[in-house]
Amino acid sequence: MTTSSRRILITGARAPAALELVRSFAAAGHVVFTADSLRHPIAARSRFITRHFLVPSARFASAEFAGELRRIVRAEGIDLLLPTCEEIFFAARAGLSEAFLGAPELLLEVHDKGRFAALAARLGLAVPRTDDWSATASADAVWKPAFTRFGDETLLPPHLPATRDRVAREMAAGRRWIAQDFLRGRALCTYSVAWHGRLNAHAAYPVSVRVGAAAVAWEAVEHPGARAWVERFVAATGFHGQIAFDFIELPNGEIFAIECNPRATSGVHLFAGDARLAEAFLRPVAPTLSPRLGARISSKLALLLAGARGIREAGGLAAWLGWMFRTPDAVWRSDDQRPAFAQWALLRELRAIAARQQISTLAASTHDIAWNDELPS
């Protein structure tokens, strides 16, 4: 049974994941709007949206951001507000009742890498030993900020004395870092849509090719252990919303969750072309929706930008060519071509931000929406 047509506002329109959701909701017969604070978000160019809105920065003008979302919701009769990136935390703080998200306190708890590990451990779920960083932190541990994304600041062992000094200075300045046991094994990710404590949709995929720590090529696999871990976490917390986990699978098959992202991730691309995904955001779904096993998709632009590093990550030129030329692209569609061309305008905008802020292009992609603080009490 298909839910009657709804009016959907998807924020974070810069993200390919947002474009995937636009197409899914449109295919299911819903009316879709998008919003973003960047000027060239790719989803805004999709033929499947009704209107796009330029909104203030969630990070640097949070009150104005929330006010504009409220105005759009009222003016357009929005039934569901669907954040896809870290603007979700600002929407949660604003108390936007139309938003598809869980309790703000839980969202921030799992976004914080240290607090997430502590919560999972209390629930009896496998996570590496994780502690707040101190000057005596083991040089054999992984060091990373409690709030970060894309793994762009994750520091793998061994650590130089200069690195310890830098982290100590940041801690002294009020930025929290954590130290986590370093596990050697296969990187595995999951993406799920939870409905008040149960899984409506779920996908698992190994990290095949990455830019930084972010996967740019995806293949759907069946992993009962990871699914059981996610199901237990979602049920125990009553989680409602999109949620994704990064795991390490040891050679003996044990899995440990190392991070949680309570938002959309690139795993959503494994549901490409499946209009049923939209229903997972609107009502309970049974059985849990899963992508076709073996489904493969990649970001062709990211593969190109990764260059020689991407070829090494893929396991050689032949494997890289397979991802490049024998898998569908996450952005290109013959019936919706403009977003693929819009990637270049977005890239120029991000590079300009990176130059102004003296940060990486990857960091620039979330500079104006990143949440690095705790929700106020």
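Where is the place of P287? Select P287 and you will find yourself in the loop between α8 (276–279) and β14. Keep in mind on this tour that the model is predicted.

**Stop 1: two cis peptide bonds**

Stay at P287 for a moment and look back along the chain. A286 and P287 are joined by a cis peptide bond, with omega about -5°. Now select P157 and P158, where the peptide bond is also cis and omega is near 0°. P158 is found in the loop between β6 (142–145) and α6 (161–172). Most peptide bonds are trans, and most residues other than glycine have a negative phi.

**Stop 2: positive phi values**

Next, select H196, in the loop between β8 and β9 (198–206). Phi of H196 is near 45°, a positive value in a residue that is not glycine. Is H196 buried or exposed? Its relative accessibility is 55%, so H196 counts as exposed, the cut-off for that being over 50%.

Then go to Q358, in the loop between α11 (338–357) and α12 (361–364). Q358 is not a glycine, yet its phi is positive at about 55°. With a relative accessible area of 74%, Q358 is exposed.

**Stop 3: the sheet around β1**

Select strands β3, β2, β1 and β4, in that order. These four strands make an open sheet with parallel pairing. At the edges stand β3 (51–54) and β4 (80–82); each has a single partner strand, so one side of each is left without a neighbour in the sheet. From one strand to the next, the twist averages 20°.

Click on F33 and look for its bridge partner in β3, which is R51.

**Stop 4: the nonpolar cores**

Which residues of the largest nonpolar core touch the most other members? Select F25, W229 and F281, which hold that place among the 104 residues of this core. Colour F25 and its surroundings: leaving aside residues up to four places away in sequence, F25 touches I8, I10, H30, V32, L80, L82, A278, F281 and L282. There is also a second, separate core of nine residues, with V209, V216, L303 and W320 among them.

**Stop 5: the three-stranded sheet**

Now bring up β10, β11 and β14. They form an open sheet in the order β10-β11-β14, and the pairing is antiparallel. Here β10 (209–211) and β14 (296–298) are at the edges with a single partner strand each, so one side of each has no neighbour in the sheet. Neighbouring strands are turned against each other by 25° on average, direction ignored.

Strand β11 (residues 214–219) is joined to β14 by three bridges, and the two run antiparallel. Select W218 and its bridge partner I297 in β14 to see where they meet. Two helices come next. Helix α9 (residues 300–314) packs on the sheet and touches β10, β11 and β14, with its direction at about 115° to that of β10. Helix α10 (residues 317–325) also packs on the sheet, touching β10, β11 and β14, and makes about 90° with the direction of β14.

**Stop 6: strand β12 and its partners**

Select β12 (residues 241–249). Eight of its nine residues are buried, so the strand is largely enclosed by the rest of the structure. Strand β8 (residues 186–195) pairs with β12 in the antiparallel sense over nine bridges, and Y191 stands opposite A244 in β12. Strand β13 (residues 255–261) is joined to β12 by six bridges, also antiparallel. There, E249 stands opposite I255 in β13. The hairpin of β12 and β13 has five residues between the strands, and in it G253 takes a positive phi near 95°.

**Last stop: two crossing helices**

Finish with helix α4 (residues 104–111) and helix α5 (residues 113–122). Their axes come within 5 Å and cross at roughly 105°. The two helices are therefore roughly perpendicular to each other. To show the contact, select L106, L108, E109, V110 and H111 of α4 together with K113, R115, F116, L119 and R122 of α5. Coloured by type, the residues of this contact divide into five nonpolar, one polar and four charged.

Note on methods. Residues are numbered from 1 along each chain as its sequence is written. This is a predicted model: local features need pLDDT of at least 70, side-chain atom pairs count only at pLDDT 80 or more; totals for chains, interfaces and linings use all residues. Side-chain values use heavy atoms; hydrogens and water are left out. A nonpolar core is a set of buried Ala, Val, Leu, Ile, Met, Phe, Trp, Tyr and Cys residues joined through side-chain atoms within 4.5 Å. Buried means under 20% relative accessible area, exposed over 50%, partly exposed in between (1.4 Å probe, protein chains only). Contact means heavy atoms within 4.5 Å. Axes are lines fitted to C-alpha atoms, for helices over the stretch in contact, and angles run from 0 to 180 degrees between N-to-C directions. Angles under 35 degrees count as roughly parallel, over 145 as roughly antiparallel, 65 to 115 as roughly perpendicular and the rest as oblique. Ala, Val, Leu, Ile, Met, Phe, Trp, Tyr, Cys and Pro count as nonpolar, Asp, Glu, Lys and Arg as charged, and the others, Gly among them, as polar. Two strands pair if DSSP finds at least two bridges between them.
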